[in-house]
Structure formats: C-alpha cells, structure tokens
Amino acid sequence: MARIVVMYHSGYGHTAKVAEAVLEGIRSVSGVESQLLEIDADGNLPDGGWETLKVCDAIVMGTPTYMGGPSWQFKKVADASSKPWFALDWKDKMAAGFTNSASMNGDKDMTLHYLMTLAMQHGMLWIGTGMLPSNTKSAGRNDINYLGSSAGLMTQSPSDASTDEGPLPGDLDTAREFGIRISESALRWMAAR
C-alpha cells in the first residue's frame, strides 16, 4: 500500500480543482491511500498536517504561479519544512508537483523547478509527467499535455475565468493522467524497497 498526499495552496479555487483531478487519477489505481492536504489562506497546514506528511510515501505539491513563483502561502510551508528536513523525515519519499496560472506560460516552469528543488533538498525522488507534448498542427487545446511540460503538471486558467470555466477539460484530463503516473510510480518504488 502506498500513501500519497496532495499538499496544495489555491488562491482562487483553480489550483484546488487541479488538485482534485490529480487525486482522482491517484485514486483510480488500486493499492493506494490518498488524501488532499490544503494550505490555508494564512499559509498553514491543518492540524495534524505535518504528521500526515511524515508518514506518507509520496507528496504531490501544488501551488498557483504568481509573479513567476509559488504563492507566499506555499512558500511559508516550504520554509517551515526545514524541521522535517533536519530530521530527514521526507528522505526517499516520492515527490511530484503541479501549478496553474492565468497565462499559457506565465513562467510556470520556474514554479515547477522551485518544487523540484524543494524535493531535492529533502532527498526525495521526483516524478515528472512522463507524457509527450501535444505539439502537432492537429493538436487542440484540450489534448493531453497541451502545455508540453515534462518536469511536472502545468495547467492554465484565464484570469477572468471562474472555477467552472477553468482549467479546461484537457488540462484536467492531463492532471488525472499525472495522478495515475504518480500512483504507479509510488507503488513500484514501494515494491522495490
């Protein structure tokens, strides 16, 4: 059994929608326990959140991209993770990440690299998307991995879109596929240990 936690912050609800789609993909694979762990508007984990992260096998990190980086609320939790870092609590756990922004690019790659660096600081093992980009002339906005990310999941929601309007179905389908990959990778890692 692999225990996977999706830890995320969402400023306007779009990143939460992505977190739920990733979780849906994770839960579609048998042999996995999973849960959402939301960072609140003040940048805090819920009661018991740190212990949940300590005992899980994989942490999926999600944050909106604001001004080319993670939200301050996510960063607050990341900075506070120096305590589990010092104790090596997250060493050899699997890690993955996702981000959403209003622009197609929005420098989301910087946020994913931040998440990847945080995971490396903790001695975690990073899971990329493992997906080819949809980059042919016939590709449409709702195709899998239309934003073409390999390091982690990228999604996009127009700045004036409600959570009913964004992210688009293709981004949410990509999130579900990413969740499946995370579960399958975590199970393989657990079996190898």
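Glu-20, Glu-38, Asp-40 and Asp-42 form a negative surface patch; such patches comprise residues with over 30% relative accessible area and no salt bridge, like charges being joined within 9 Å. The model is predicted, with local features requiring pLDDT of at least 70 and side-chain atom pairs counted only at pLDDT 80 or more, whereas totals for chains, interfaces and linings use all residues. Residues are numbered from 1 along each chain as its sequence is written, and side-chain values use heavy atoms, with hydrogens and water left out.

Glu-20 counts as partly exposed because its relative accessibility is 44% (buried is under 20%, exposed over 50%, partly exposed in between, with a 1.4 Å probe and protein chains only).

The largest nonpolar core contains 26 residues; a core is a set of buried Ala, Val, Leu, Ile, Met, Phe, Trp, Tyr and Cys residues joined through side-chain atoms within 4.5 Å. Helix α1 contributes the most to this core, with seven residues.

Five salt bridges are found in the whole structure (a side-chain nitrogen of Lys or Arg within 4 Å of a carboxyl oxygen of Asp or Glu). Arg-176 pairs with Glu-24, the closest N and O atoms lying 3.2 Å apart. Because Arg-176 is in helix α6 and Glu-24 in helix α1, this pair ties together parts 152 residues apart in sequence. In another salt bridge, Arg-141 meets Asp-171 at 2.8 Å, N to O. Asp-171 is buried, at 2% relative accessible area.

Technical notes: Patches are made of residues with over 30% relative accessible area and no salt bridge: like charges are joined within 9 Å, nonpolar side chains (Val, Leu, Ile, Met, Phe, Trp, Tyr) within 5 Å. Accessible areas come from the Shrake-Rupley method with a 1.4 Å probe; for residues, only the protein chains shown count as cover. Lys and Arg count as positive and Asp and Glu as negative; His and the chain ends are not counted. The place of a charge is taken as NZ of Lys, CZ of Arg, CG of Asp or CD of Glu. Helices (H or I, at least four residues) and strands (E, at least two) are DSSP runs, numbered from the N terminus.
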